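Here is a friendly tour of side-chain contacts in one protein chain. Keep the viewer open and follow along.

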Amino acid sequence: MAGAVTVAPPPREHLRVAVVGGGPSGLYAAALLKRLDPAREITVWERNAPDDTFGFGVVLSDETLGGIEHADPVVYEALRDEFVRWDDIDIVHRNIRHTSGGHGFAALGRRRLLEILHERCRSLGVELRFRTQAPDTARLSESYDLVVAADGVHSATREAYAQVFRPRVTTHRCRYIWLAADFPFEAFRFEIAETEHGVMQLHGYPYSRPSPDHHPSTRPSGPQNQFGASTVIVEMREEVWEAAGFAEADVRESVERCAKIFSDALGGRALRSNKSAWTAFRTVVNERWSHNNVVLLGDAAHTAHFSIGSGTKLAVEDALALAACLEEQPSLDAALSAYEEERRPVVASTQRAARASLEWFENLALYLDQPARQFAFNLLTRSRRVTHDNLRLRDARFTESVEREFGCPPGTPPMFTPFRLRGLTLRNRVVVSPMDMYSAVDGVPGDFHLVHLGARALGGAGLVMTEMVCVSAEGRITPGCAGLYTGQQAASWRRITDFVHAQAPGAAIGVQLGHSGRKGSTKLMWEGIDEPLEEGNWPLVAASPLPYKPQNQTPHELTRAQLADAREQFTSAARRAARCGFDLLELHCAHGYLLSGFLSPLTNRRTDAYGGSLENRLRFPLEVFDAVRAVWPEDRPMTVRISATDWADGGTTADDAVTLARAFAAHGADAIDVSTGQVVAEEQPEYGRSYQTPYADRIRNETGIPVIAVGAISSWDDVNSLILAGRTDLCALARPHLYDPHWTLHAASEQGYAGPGVDWPAPYRAGSRRPQTGRTDAPKPRLTLGN
């Protein structure tokens, strides 16, 4: 076009790049950066020799391999020729082996991976300096445009700039040693050994296959030999490791003893080491990944437990992302920011899965007595990335066998199996979690509550819970909180329970009784959560005179007489609840409200018989429980909601939660509703999908007490997975039921289930199938025509 002016983009500067560390992440980043711009001057420092490496095999996912294929076909082709691929996972426990297929793994020797990357770097012109300590990071930063710190979990670069990167390093409770066997396992193998010292586990997988021309009489000659090889990791809790004498054993003795302990898995073969040593896994998290022109990569930035096989995967993906961002962004600062923005959520998700897997193995002893197939399913779904539905797609026969052993009738998902609590049988395992609606007037539930709770009962859940129903006017959280301390309130609740029982047959309705304690006299949630009222305040009482936040009212410490009054308020409300026809009563001892305030050492500073030790802090909540249980009908169940952790230093711990659960169960609680937090304002929760369920899992499997799991359980697949794995008995969901009152009905429809576990109300049956939508696809082109 006449007059048009073409403006050339500014020339891209050719970066001088220093890479500290010659592991997979550093080498692959160097190769990619050089390939994308051959004019770049790239130097890699590695303090070890080229063939000097720890460990044996590494695992990469198909997703990672796809990224490598697009970024560098030369490396991809070299890797493809080396990979061992397999689909099965074998789980061996108490001499029973269960195999699950369809998982898709690819592995190769770590040494061979490094050789391929060395060759690629040299062919591209990257300078590799082996047996050479990298210069001080500050000097490199002055001499080079970009410093890539790929110097591993013990990164000196990270420590040099700790005040900027702000690392958090968590050392975990198991010891492990990385070994190898000179034969290939046929599958990824998990084997459990119950010894006199405690439980130990083997993680094993092949990383090379026998060469086609090997002779059976030939002995292996090196780390990767013509017989094939497998990585073998032996792991156990620290106290088991010490009791077994491994703390005093040298490497040779440790290797021989591990081979003997797992002789069945190894077929009597020996194990070998390679710079092997017992160590404890360390999870590395950094608040920042870059500083000026220095950027962290791979294990220097983050680690993920080996049990999900993501270490090398994350390192390689970091390199891919860093190279792409440097290519796409207009400046180095923008590229490093984009790199971190892209990778951080992916890494955080992987670390959450790895943490769940790591903790599962730390607590392996809790699951030893599970039925064999359930144990295998539990192990396979431990990280929450493999789920019931996902596993069904991978291996339907295995999943169906687990369901049969669990007791699922044919075609019945685990969530639609019944569960009995005392005289109440719930038709399914779904609970509508208590959710404060802040919509009552003078504590009286109105039409809103009828519609809200009635809709969710019609929606198919086995149990619908009220919000926290306050036992006194002074025990309300806000002016909009519902109560059960007057006859008018009781009559309104009776209207709701009658509706549920008449119009949603099969649904049960439960009441949660509580008292706000120090968290009362605040605004409605949407007006300012936990903020004090500007006017119309009422006096607060609590275990100790500690305000929830500095701006909140300071409560009065309950006297002995006031303790008796509060106890009577709970029993009066319980009597009314029984007359209202509620099927279940839950005592609210969580979230920093009155009874929870007695349980937590952060909120109970009393010096009398109700403070101090955990036994003393339990005293008043147990007195209230006993008083309520005495007036609550014998055939109707009672549950207790607890905060299993305060998410704050010095607060309630997971060990405490087990003690609390045992105490309430000993006094007659039929189940423990296991929540967490909301006790102190300075809490630091570790949010994530199903993030609270490990606490329920531990209580259930350590004590045998039935539990209700809560906390970001958002899909029916999560519910099925948790139930079938034996991590919980019931699942309580809150926000999903706000999004969709008919969540349970829709879960049944989406799974093709129609049975006694759920029933569409007659007026709704015409809507039991998902409505059709307009076409969103388009005919695919049949031909591609050139110009």
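What relative accessibility does Glu256 have, and how does Glu256 count on that basis? Glu256 has 47% relative accessibility, so it counts as partly exposed. Please keep in mind throughout that this is a predicted model.

## Salt bridges within helices

Glu256 has a charged partner: it forms a salt bridge with Arg252, and the closest N and O atoms are 3.1 Å apart. Both residues belong to helix α9 (residues 251-261), where they sit four residues apart, about one turn of the helix. Arg252 counts as exposed, at 52% relative accessibility, because exposed means over 50%.

Glu77 and Arg80 are joined by a salt bridge whose closest N and O atoms are 2.5 Å apart. They are three residues apart in α3, about one turn of the helix. Glu77 is partly exposed, with a relative accessible area of 33%, and Arg80 is partly exposed too, at 43%.

## Salt bridges across the chain

Side chains of opposite charge can pair when their charged atoms come close. For Arg373 and Glu405, the closest N and O atoms of the salt bridge are 3.7 Å apart. This pair links distant parts of the chain, since Arg373 lies in helix α13 (residues 372-380) and Glu405 in helix α15 (residues 396-406), 32 residues apart. Arg373 is partly exposed, with a relative accessible area of 31%; Glu405 also counts as partly exposed, at 32% relative accessibility.

There is a network to look for as well: Glu82, Arg112, Glu115 and Glu119 are linked by salt bridges. The total count comes to 47 salt bridges.

## Aromatic pairs and charges over rings

Turning to the rings, the whole structure holds 28 aromatic pairs. One of them is formed by Trp86 and Phe188, a tilted pair at 6.3 Å centre to centre with 45 degrees between the planes. Trp86 lies in strand β4 and Phe188 in strand β11 (residues 188-195), so this pair ties together parts that are 102 residues apart in sequence. Both residues are buried. Phe183 and Phe185 make an edge-to-face pair, because their planes stand at 75 degrees, with the ring centres 5.1 Å apart. These two phenylalanines are buried as well.

Trp86 and Phe188 also belong to one aromatic cluster, along with Phe105, Phe190, Tyr205, Trp360, Phe361, Tyr367 and Phe375. Elsewhere, rings meet charges. The charged end of Arg257 sits over the ring of Phe246, 4.5 Å from its centre, while that of Lys519 sits over the ring of Tyr548, 4.8 Å from its centre.

Which residues of helix α2 (residues 62-71) are buried? They are Thr64, Leu65 and Ile68. Because they cover an arc of only 100 degrees around the axis, they are on the same side of α2. The face turned away from that buried side carries the exposed residues Glu63 and His70.

The buried residues of α2 pack against several elements, among them α1 (24-36), β3 (57-60), α3 (73-82) and α11 (311-328).

## An annotated region

UniProt, in an unreviewed entry, places the feature "domain: NADH:flavin oxidoreductase/NADH oxidase N-terminal" at residues 415-749. Over residues 415-749 the model is 37% helix and 16% strand, with the end C-alpha atoms 13 Å apart.

Key: Residues numbered from 1 in each chain as written. Predicted model: local features only at pLDDT ≥ 70, side-chain atom pairs only at ≥ 80, totals over all residues. Heavy atoms only, no water. Buried < 20%, exposed > 50% of the residue type's maximum accessible area, 1.4 Å probe, protein only. Helix = DSSP H or I, 4+ residues; strand = E, 2+ residues; numbered from the N terminus. Arc of directions from axis to C-beta. Contact = heavy atoms within 4.5 Å. UniProt positions renumbered as here; feature names shortened; annotations may be inferred. Phe/Tyr/Trp six-rings, centres within 6.5 Å; stacked < 30°, edge-to-face > 60°. Lys NZ or Arg CZ within 6 Å of the ring centre and 35° of its normal. Salt bridge = Lys/Arg side-chain N within 4 Å of Asp/Glu carboxyl O.
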